[in-house]
Amino acid sequence: MKIYKTKDYDEMSRKAANIIAAQIILKPDSTLGLATGSTPIGLYKCLVEGYEKGDLDFSQITTVNLDEYKGLPRENDQSYYYFMHENLFHHVNVKPENVHLPDGTREDSEAECAGYEALIRSLNGVDIQLLGLGHNGHIGFNEPSDQFEKETHCVTLTERTIEANKRFFASADEVPRQAYTMGIGTIMRAKKILVVVSGEDKADIVSKAFFGPVTPEVPASILQMHPDVTLVADAAALSKIPD
Ligand code: GLP
């Protein structure tokens, strides 16, 4: 695993965006696995700037997102569909037909998850998968559990995640209780993985996930087994890793 320590959030965002930009330049028809949450917002801003300067071309890019809340329509400003369009897709020349997220409005979880997994498999592999890190070690919406879930599935969110994500909703009651997410196996099949983490509140989980035992109780710990992981984190998030 490569670790890049940055002085702050802005430097983390630029560094991580440069890694994705390099991927786009070296392989213009890449499949990018994308993530939501507050952490990648700065990185998406840098990619939009790269596009506006004429340095980046998304015309042959395909994207697959990690997850989506179940039950939120696309036009809800808390849906991940909305988030991705607001923060990236509306501002670059990615083709709408090449953008993929799980469909949170589809009631039939099994059909939606099987279809999404099949779609990802049909894309010849995700070239680089971007990940944020939840406070409980979740990646995508793979919550702590007694086993690693392999494929795209429907999850019931933990109280801790609902609590963490309620800041974006009018109240905790409005946070959806379920979500569709790529599985740990889906994520691990990506050729490269890029994890971004910022802030002191993530320092404990960074140290557990990347330096502790590999356990489904800390879903991100499985990343220790992936052959090509890059962690870009600011000094605060790395403040508790062992020397
Ligand atoms: C959300 C998302 C994750 C994200 C995580 C951390 O619940 N499903 O993909 O990585 O929480 O979010 P943040 O970056 O806002 O801390």
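## The ligand and its pocket

A pocket, as the word is used here, is an open set of grid points, found over the protein atoms alone, with protein on both sides within 12 Å along at least five of seven lines. In this predicted model, the space taken by the ligand is the largest pocket.

Around the ligand there are 14 residues, and among these Ser38, Thr39, Asp67, Arg167 and Lys202 come nearest. When the shell is sorted by class, eight of its residues are polar, three are nonpolar and three are charged.

Ser38, one of the residues that come nearest, has a polar side-chain atom 2.6 Å from an oxygen atom of the ligand.

Strands of a sheet pair through backbone hydrogen bonds, and the pairing can be either parallel or antiparallel. In this model seven strands form an open sheet with parallel pairing, and their order is 1-10-9-6-2-3-5. Strand 1 (2-6) and strand 5 (99-100) are the edge strands, each of them pairing on one side only.

Within the sheet, strand 6 (residues 128-131) pairs with strand 9 (residues 192-197) in the parallel sense, over four bridges. Gln129 has Ile193 of strand 9 as its bridge partner.

Methods. Residues numbered from 1 in each chain as written. Predicted model: local features only at pLDDT ≥ 70, side-chain atom pairs only at ≥ 80, totals over all residues. Heavy atoms only, no water. Pairing = 2+ DSSP bridges. Helix = DSSP H or I, 4+ residues; strand = E, 2+ residues; numbered from the N terminus. Near = heavy atom within 4 Å. Polar contact = N/O pair within 3.5 Å; in protein donor to acceptor, adjacent residues only side chain to side chain. 1 Å grid on protein atoms, 1.4 Å probe; cavity = no way out; pocket = protein on both sides within 12 Å on 5 of 7 lines; lining within 4 Å. Sits in = over half its atoms within 2 Å of the grid points. Nonpolar A, V, L, I, M, F, W, Y, C, P; charged D, E, K, R; others polar.
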